Amino acid sequence: MVERIEDLNLPNSVIARIIKESLPESASVSKEARAAIARAASVFAIFVTSSSTALAHKQNHKTITAKDILQTLAELDFESFVPSLTQDLEIYRKMVKEKKEIKASKKDTSTAENANASTAAAAEDATE
Amino acid sequence: MASEDLFEFSEDLDLEQAMETEAEEPGETEEPSEVIEETPENPPTEATTEPVADKPVTNGHKASGDHEAKMTQLPLARIRNIMKLDPDMHMANNEAVFTVAKAVELFIASLSRESYTYTAQSKKKTIQKRDVEMAISAVDSLMFLDGAMNF
């Protein structure tokens with residue numbers, strides 16, 4: 001599952017960037033404070049997951065969905081996150097759908113200039 | 001580059017896999033693109049597909065790929081690994097992982113802002129650990145962090 005314990009830490013550089021972006025220009029953050037925030041973030045992820053798992057089980061489904069996560073967040077007093085997350089999720093869904101469509105159209109076309117592409121796609125499938 | 005990978009892998013692996021691959025396989029698309037003619041058995045295809053698939057299609061992809069690369073700052077594979085720590089969690093779909101990643105980003109930002117109010121109160125510019133601790137003990141919804149922070 002997880003080979004090294006470091007695989008569970010969130011990347012420091014990303015954490016530092018998110019913190020910086022959320023604060024006024026002049027502000028900075030000490031190393032210890034950043035580590036504390038990073039730890040809190042990991043704990044938050046686990047906390048949200050286990051609460052969502054409980055919720056999913058209660059509703060008799062095994063796979064946690066985005067809906068479970070959003071509902072959990074609302075229950076845990078983080079409903080202020082929900083509108084922005086809902087928006088992001090919509091964009092994400094659109095993007096995934098677009099990708100699928102592009103893939104489908106790639107497969108469907110049998111025109112000459114796309115021959116290479118589909119061959120390549122086929123080859124890719126073969127190597128999978 | 002990462003965006004190309006995204007596109008490449010998420011196409012052909014199953015969705016879940018694609019997520020995990022995302023963060024871990026930058027670099028494979030960098031190989032120079034010789035045009036592959038006809039051979040499906042040709043091994044270097046993975047790396048070359050993108051350039052070959054080319055003009056009209058690729059442009060579209062690149063755009064959406066870049067977009068996805070920007071959608072979460074945190075690596076989804078890492079988030080998924082953290083989620084898997086929950087022994088009761090059997091499966092989470094990609095959307096769920098994405099949502100958690102975004103939620104964690106919001107969480108970091110709001111905890112930082114909350115901590116900074118204590119920093120500012122003491123007329124300082126640099127957030128110290130105790131500012132974070134004070135924020136945690138002051139905000140009700142952060143109760144879950146009590147006891148998880150001191151080690």
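Residues are numbered from 1 along each chain as its sequence is written, and chains are lettered from A and ligands numbered from 1 in the order in which they are written.

The predictor gives the complex an ipTM of 0.81 and a pTM of 0.68. Within chain A, helix 3 has the highest confidence, at 97, whereas helix 5 (residues 112–127) has the lowest, at a mean of 52. Chain B averages 69, and 52% of its residues score at least 70; its residues 1–68 have a pLDDT below 50, although this stretch has 111 contacts in the model beyond near neighbours in sequence. Where pLDDT is low, the predicted coordinates should not be read in detail.

Helix 2 of chain A covers residues 31–58, helices here being DSSP runs of H or I with at least four residues, and strands runs of E with at least two, numbered from the N terminus. Its 28 residues should span 40 Å at 1.5 Å a residue, and the end C-alpha atoms are 41 Å apart, which agrees; the expected span is 1.5 Å times one less than the number of residues. After helix 2 of chain A comes A:Asn60, with a positive phi near 60 degrees.

Helix 2 of chain A packs against helix 3 (residues 66–75) of chain A at an angle of about 110 degrees, with the axes 9 Å apart; axes are lines fitted to C-alpha atoms, for helices over the stretch in contact, and angles run from 0 to 180 degrees between N-to-C directions. That makes the two helices roughly perpendicular, a label for 65 to 115 degrees, with under 35 roughly parallel, over 145 roughly antiparallel and the rest oblique. Residues of this contact (C-beta atoms, placed from the backbone, within 7 Å) include A:Leu55 in helix 2 and A:Ile69 in helix 3.

Helix 2 of chain A also packs against helix 5 (residues 76–83) of chain B, at about 60 degrees with the axes 9 Å apart, which makes this pair oblique. Here A:Ser42, A:Ala45, A:Ile46 and A:Thr49 meet B:Ile79, B:Ile82 and B:Met83.

Within chain B, the axes of helix 5 and helix 6 (residues 94–121) come within 9 Å and cross at roughly 100 degrees, and the two helices are therefore roughly perpendicular to each other. Helix 5 of chain B contributes B:Leu76, B:Ile79, B:Arg80 and B:Met83 to that contact, and among the residues of helix 6 of chain B are B:Val97 and B:Phe98.

Technical notes: This is a predicted model: local features need pLDDT of at least 70, side-chain atom pairs count only at pLDDT 80 or more; totals for chains, interfaces and linings use all residues. Two residues are in contact if their C-beta atoms, placed from the backbone, lie within 7 Å. pLDDT is the predictor's confidence in each residue, from 0 to 100.
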